[in-house]
Amino acid sequence: MKKILIPIITVLIIGTIVGLSTPRATTTTVHKSRVIQQPQPITETTIAKQPALKYSCIIYYAIKHLKIQRWQEVSDFSLGWQVEIYTDQGQTKYLVWSDKHIKADAKQLQPNWFTLKNDQVTYDSFGVHTFKKDLTATVSMRTILAQIKRDHATKTVRHMPTNLVIKDHR
């Protein structure tokens with residue numbers, strides 16, 4: 001019996017050594033998982049606490065969805081915007097200039113502006129080279145926020161305040 005066990009054990013040991021030392025083809029699957037952070041939705045509560053974000057929402061909507069052509073003058077996202085706030089006859093008026101670094105001498109032409117009353121934004125634009133009345137449009141903040149969500153533009157709008165200068169003259 002010893003004569004039979006010794007060769008069997010020897011074969012098993014040699015087989016194990018050869019098996020461990022022989023390179024084997026291995027399959028490794030690497031899954032790259034990207035974590036895409038979705039920006040927080042913009043809500044009425046958020047914009048109530050962050051005026052610059054609120055103005056950004058209003059400007060975004062004007063550029064992308066308003067039918068008043070002159071609002072396209074402020075459509076360069078890389079230049080940014082300057083919002084000047086004045087009170088005119090008891091109503092707060094928000095003047096919107098293209099270029100966050102615009103200087104007084106470049107402010108020759110009347111800018112676009114908007115007013116806020118409750119949930120309503122009234123956009124206004126002076127008609128250049130015309131004697132017609134100003135062009136206006138009224139949109140609710142809820143409509144603006146819903147449109148930003150439909151456009152998947154939350155990230156864009158949340159970035160806009162970094163390119164926005166607010167000058168409050170009230």
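Modeller: Let's start with one term: two residues are in contact when they have heavy atoms within 4.5 Å of each other. Keep in mind, too, that this is a predicted model.

Colleague: Okay. What elements are in the chain, and in which order?

Modeller: There are five helices and six strands. Going from the N terminus, the order is α-α-α-β-β-β-β-β-α-α-β. Of the 170 residues, 34% are buried. As for contacts between residues at least 6 apart in sequence, 52% of them link residues at least 24 apart.

Colleague: Now two helices. How do I read the way helix 3 and helix 4 cross?

Modeller: Two packed helices are described by the angle between their axes and by the distance between those axes. Here, the axes of helix 3 and helix 4 come within 10 Å and cross at roughly 70°. An angle of 65 to 115 degrees counts as roughly perpendicular, so that is how helix 3 and helix 4 sit relative to each other.

Colleague: Which residues of helix 3 and helix 4 meet?

Modeller: From helix 3 you have Lys54, Cys57, Ile58, Tyr60, Tyr61 and His65. They meet Met141, Thr143, Ile144, Leu145, Gln147 and Ile148 of helix 4. By class, this contact has eight nonpolar, three polar and one charged residues.

Colleague: How do I tell which side of helix 4 is buried and which is exposed?

Modeller: An α-helix has 3.6 residues a turn, so residues three or four places apart point the same way. In helix 4, the buried residues are Met141, Ile144, Leu145, Gln147 and Ile148. They span an arc of only 160° around the axis, so they lie on the same side of helix 4. Arg142, Lys149 and Arg150 are exposed on the other side.

Colleague: And what covers the buried residues of helix 4?

Modeller: The cover includes helix 2 (44-49), helix 3, strand 4, strand 5 and helix 5.

Colleague: Let's talk about the core. Which members of the largest nonpolar core touch the most others?

Modeller: That core has 34 residues, and Cys57, Trp71, Phe114, Tyr123, Ile144 and Val157 touch the most other members. Two or more residues each come from helix 3 (51-65), strand 1 (81-88), strand 2 (91-98), strand 3 (112-117), strand 4 (120-125), strand 5 (135-140) and helix 4 (141-150). Helix 3 gives the largest share, nine residues.

Colleague: Take Cys57. What does it touch?

Modeller: Setting aside residues up to four places away in sequence, Cys57 touches Ile42, Ile47, Met141, Ile144, Leu145, Ile148 and Val157.

Colleague: How do I spot parts of the chain that are apart in sequence and meet in space?

Modeller: Look at the gap in numbering and the C-alpha distance together. Pro161 and Leu53 are 108 residues apart in sequence, with 6.0 Å between their C-alpha atoms. Pro161 belongs to the loop between helix 5 and strand 6 (164-168) and is partly exposed, with a relative accessible area of 25%. Beyond its neighbours within four places in sequence, Pro161 contacts Ala52, Leu53 and Ser56.

Colleague: And a buried case in a loop?

Modeller: Val74 is buried, with a relative accessible area of 2%. Its C-alpha atom is 4.6 Å from that of Ser98, 24 residues away along the chain. Among the residues Val74 contacts are Ile63, Trp81 and Trp97.

Colleague: Where is Trp97 placed, and is it buried or exposed?

Modeller: Trp97 is in strand 2 and is buried, with a relative accessible area of 9%. Not counting residues up to four places away, Trp97 touches Val74, Gly80, Trp81, Gln82, Glu84, Ile102, Lys107, Leu109 and Pro111.

Technical notes: Residues numbered from 1 in each chain as written. Predicted model: local features only at pLDDT ≥ 70, side-chain atom pairs only at ≥ 80, totals over all residues. Heavy atoms only, no water. Core = buried A, V, L, I, M, F, W, Y, C linked by side-chain atoms within 4.5 Å. Buried < 20%, exposed > 50% of the residue type's maximum accessible area, 1.4 Å probe, protein only. Helix = DSSP H or I, 4+ residues; strand = E, 2+ residues; numbered from the N terminus. Axes fitted to C-alpha atoms, helices over the stretch in contact; angles between N-to-C directions. Parallel < 35°, antiparallel > 145°, perpendicular 65-115°, else oblique. Nonpolar A, V, L, I, M, F, W, Y, C, P; charged D, E, K, R; others polar. Arc of directions from axis to C-beta.
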